[in-house]
Amino acid sequence: MGVLSNKIQRDQLRPGDHIYSWRHAYLYAHHGIYVGEGKVIHFTRGAGQEIGTGTVLDRIIFSSSPSHSPDNPCPKCGDQSSLDGVMSSCIDCFLSGGDLYLFEYGVNVAFFIAKARGGTCTLAASDPREDVLHRAFYLLQNGFGSYDIFKNNCEDFAIYCKTGLLVVTSISVGRSGQAASFLAAASAVISSPFRFLTTSFTGLGAVGCGMYCVSRLVSDIGIRRDVIKIPVERLTALRGLDEAEVATEVVKTD
């Protein structure tokens with residue numbers, strides 16, 4: 001564990017850990033909550049897809065979950081190829097042949113910025129393990145709403161289980177560090193007015209890097225001010241609404 005890698009071994013896992021595994025040569029990572037006895041609870045888009053946009057791009061870019069085909073189901077999990085939403089899988093199906101990594105909570109700002117790739121750590125503190133497991137098992141039975149690649153994805157699910165935090169604005173990304181890093185990179189390239197202040201390659205690189213780091217930092221769930229803590233029972237009671245509508249209702253009643 002450290003700045004260079006969050007990779008861990010299976011025997012280091014503890015129930016309530018937020019884990020992830022990279023897919024497609026580090027294009028994206030799939031996240032979940034380890035709940036013990038070799039099981040992981042995680043959130044998927046549906047139709048066997050771990051993540052997706054709901055477009056034809058899903059067939060080209062994104063992988064399916066689990067790794068077993070319907071004709072050769074996992075002996076531990078059975079056929080999960082048609083399941084959607086929150087599901088429980090064995091750790092082998094969750095990893096799908098990839099390495100195991102531990103998401104870090106309560107890191108400092110310097111460490112967060114040094115971890116240039118989003119979706120690996122947060123400044124937010126984790127709640128006690130019993131609270132994390134309660135949320136994960138409750139959402140396994142009651143669902144986590146509609147999947148959205150930028151506002152309600154597998155990382156958002158895992159971070160909510162760990163922190164109980166909900167974003168209350170509808171104009172920004174959710175809790176996901178991966179989504180924030182993708183948007184931060186686009187913002188650094190396209191929208192920075194400071195790129196016109198220099199024409200050198202080094203200067204452009206420094207400006208872009210600075211914009212990327214700042215954008216990632218202000219989007220982190222541990223530093224944002226547009227978040228509230230909400231009990232999982234209250235969250236699922238409003239699951240007929242999308243996340244922004246849920247947040248609006250919560251603010252009205254608080």
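Reply: Asp 92 has a relative accessible area of 35%, so it counts as partly exposed (buried is under 20%, exposed over 50%, partly exposed in between, with a 1.4 Å probe and protein chains only). This is a predicted model, in which local features need pLDDT of at least 70 and side-chain atom pairs pLDDT 80 or more, while totals for chains, interfaces and linings use all residues. Residues are numbered from 1 along each chain as its sequence is written, and side-chain values use heavy atoms, without hydrogens and water.

Asp 92 forms a salt bridge with Arg 10, at 2.8 Å from N to O (a side-chain nitrogen of Lys or Arg within 4 Å of a carboxyl oxygen of Asp or Glu). The two residues are 82 apart in the chain: Arg 10 is in the segment before β1 (18-23), and Asp 92 is in helix α2 (residues 91-95). Helices (H or I, at least four residues) and strands (E, at least two) are DSSP runs numbered from the N terminus. Arg 10 is also partly exposed, at 43% relative accessibility.

Seven salt bridges are found in the whole structure. Another of them joins Arg 135 to Asp 127, with the closest N and O atoms 2.7 Å apart; both residues are buried. Asp 127 also meets the side chain of Lys 229, at 2.9 Å from N to O. Asp 127 sits in the loop between α3 (109-114) and α4 (129-142) and Lys 229 in strand β7 (residues 227-229), so this pair ties together parts 102 residues apart in sequence. The relative accessibility of Asp 127 is 16%.

Five strands make an open, antiparallel sheet in the order β4-β3-β2-β1-β5, where pairing needs at least two DSSP bridges between strands. The edge strands β4 (85-90) and β5 (101-102) each have a single partner, so one side of each lacks a neighbour in the sheet. Two bridges join β1 to β5, and Tyr 20 stands opposite Tyr 101 in β5.

Helix α4 packs on the sheet, touching β2 (28-36), β3 (39-44) and β4; contact means heavy atoms within 4.5 Å. Helix α5 packs on it too, touching β1, β2, β3 and β4. Ten of the ten residues of α5 (residues 154-163) are buried, so this helix is largely enclosed by the rest of the structure. Among them are Glu 155, Asp 156 and Lys 162. Asn 153 caps the N-terminal end of α5, with a side-chain oxygen 3.0 Å from the backbone nitrogen of Glu 155. After α5 comes Gly 164, with a positive phi near 75 degrees.

Technical notes: A polar contact is a pair of N or O atoms within 3.5 Å; within protein, one must be able to donate a hydrogen and the other to accept it, and residues adjacent in sequence count only if both atoms are side-chain atoms. Axes are lines fitted to C-alpha atoms, for helices over the stretch in contact, and angles run from 0 to 180 degrees between N-to-C directions.
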